[in-house]
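Please keep the sequence and the three-dimensional view at hand while reading.

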Amino acid sequence: MEDILKYFTDFSAQQQAQFAQLEPFYTEWNEKINLISRKDIENLYPNHILHSLAILKFMKFKPQSRILDVGTGGGFPGIPLAIALPDVDFYLVDSIGKKINVVKDAIEFLGLKNVQAEHIRAEDLKVGSFDFVVSRAVAPLPDLMRWSQKHISKIHKNILPNGLIALKGGDVKAEIKTLWRGTYANATPVKKYFNLPHFDDKYVVYVQS
């Protein structure tokens, strides 16, 4: 929790309480379902919650923005972002039903009013358009864009044009080169925001729709 408060000093008392509740919530669920590596659950705040919030450091979405979290798993990055941005609407999807059940439990447990979750593959989603699609280490960028493109609105209201914001590791420059020619994309090191060793090879990748 100290990692969150170190890098984010303007969260309300309610938001701080919600972030504090994530540790017992995910620790209990992780004993039933392997949401996070059993060896890594002790690093929930820096490696998973803070990592999710790198998107917030990259860009703070305007109120009433609609964000789709593709392949959310146990709720990352969507749940931490929804706590941080209560005036932004989030829609979290995953193809694994038991993980979405955890997400739905988290929404109720935390009292989040700005989040919906659905057990569905992103490519089968019928819900309307979104300003941005976010994702965390789910699939290669071309696949993410193929799944996301039809869900991204053509009406822009944030600082950056609508598109995909993905948390990625490894050789992201090579991965960006696999996108369609002419696609605008850039990668920002997470280390720019959070000076922790875990983020040495982690990036926030933005792909314009």
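The sections below treat the basis of the report, then helices, strands, loops and individual residues.

## Basis of the report

The model is predicted, and local features need pLDDT of at least 70, side-chain atom pairs count only at pLDDT 80 or more, while totals for chains, interfaces and linings use all residues. Residues are numbered from 1 along each chain as its sequence is written, and side-chain values use heavy atoms, with hydrogens and water left out.

Helices (H or I, at least four residues) and strands (E, at least two) are DSSP runs, numbered from the N terminus. A residue is called buried under 20% relative accessible area, exposed over 50%, and partly exposed in between, with a 1.4 Å probe and protein chains only.

The expected span is 1.5 Å times one less than the number of residues. A kink of about 25° occurs at L22, shortly before the proline P24. Such a bend is the angle between axes fitted to the seven residues ending at a residue and the seven starting there.

The buried residues of α2 are Q15, Q18, F19, L22, F25, Y26, W29 and N30. They pack against α1 (2-7), α3, α4 and α5 (97-110), where contact means heavy atoms within 4.5 Å. Q18, located in α2 (residues 13-30), has a relative accessibility of 7% and therefore counts as buried. Apart from neighbours within four places in sequence, Q18 is in contact with I83, L110 and L112.

## Helix α3

Helix α3 (residues 44-58) has 15 residues and should span 21 Å at 1.5 Å a residue, which agrees with the 21 Å between its end C-alpha atoms. It bends by about 40° at L50. Because 14 of its 15 residues are buried, α3 is largely enclosed by the rest of the structure.

## Strand β1 and its partners

Strand β1 (residues 66-70) is mostly covered, with four of its five residues buried. It runs parallel to strand β2 (residues 89-94), to which five bridges join it; two strands pair if DSSP finds at least two bridges between them. Within this pairing, R66 stands opposite D89. Strand β4 (residues 132-136) is also parallel to β1 and is joined to it by three bridges, with L68 opposite V133.

Together with helix α4 (residues 78-84), β1 and β2 form a right-handed β-α-β unit. Right-handed here means that, with the strands pointing away from the viewer, the path from the first strand over the helix to the second runs clockwise.

The loop between α3 and β1 contains Q64, which counts as exposed at 52% relative accessibility. The phi of Q64 is near 70°, a positive value in a residue other than glycine. In the loop between β1 and α4 lies P77, joined to F76 by a cis peptide bond with omega of about 10°. Most residues other than glycine have a negative phi, and most peptide bonds are trans.

T72 also lies in the loop between β1 and α4 and is buried, with a relative accessible area of 2%. Its side chain makes a polar contact of 2.7 Å with that of D69. A polar contact is a pair of N or O atoms within 3.5 Å; within protein, one must be able to donate a hydrogen and the other to accept it, and residues adjacent in sequence count only if both atoms are side-chain atoms. Leaving aside neighbours within four places in sequence, T72 is in contact with G78, L92, V93, D94, I100 and V103.

Five of the seven residues of strand β7 (residues 202-208) are buried, so β7 is largely enclosed by the rest of the structure. It pairs in the antiparallel sense with β5 over seven bridges, and the partner of I165 is Y206 in β7. Strand β6 (residues 185-189) pairs with β7 in the antiparallel sense over five bridges, with P189 opposite Y203.

N162 lies in the loop between α6 (141-148) and β5 (163-169) and is buried, with a relative accessible area of 0%. The side chain of N162 reaches the backbone oxygen of S153 at 2.9 Å. Not counting residues up to four places away in sequence, N162 touches several residues, among them F130, D131, H156 and Y206.
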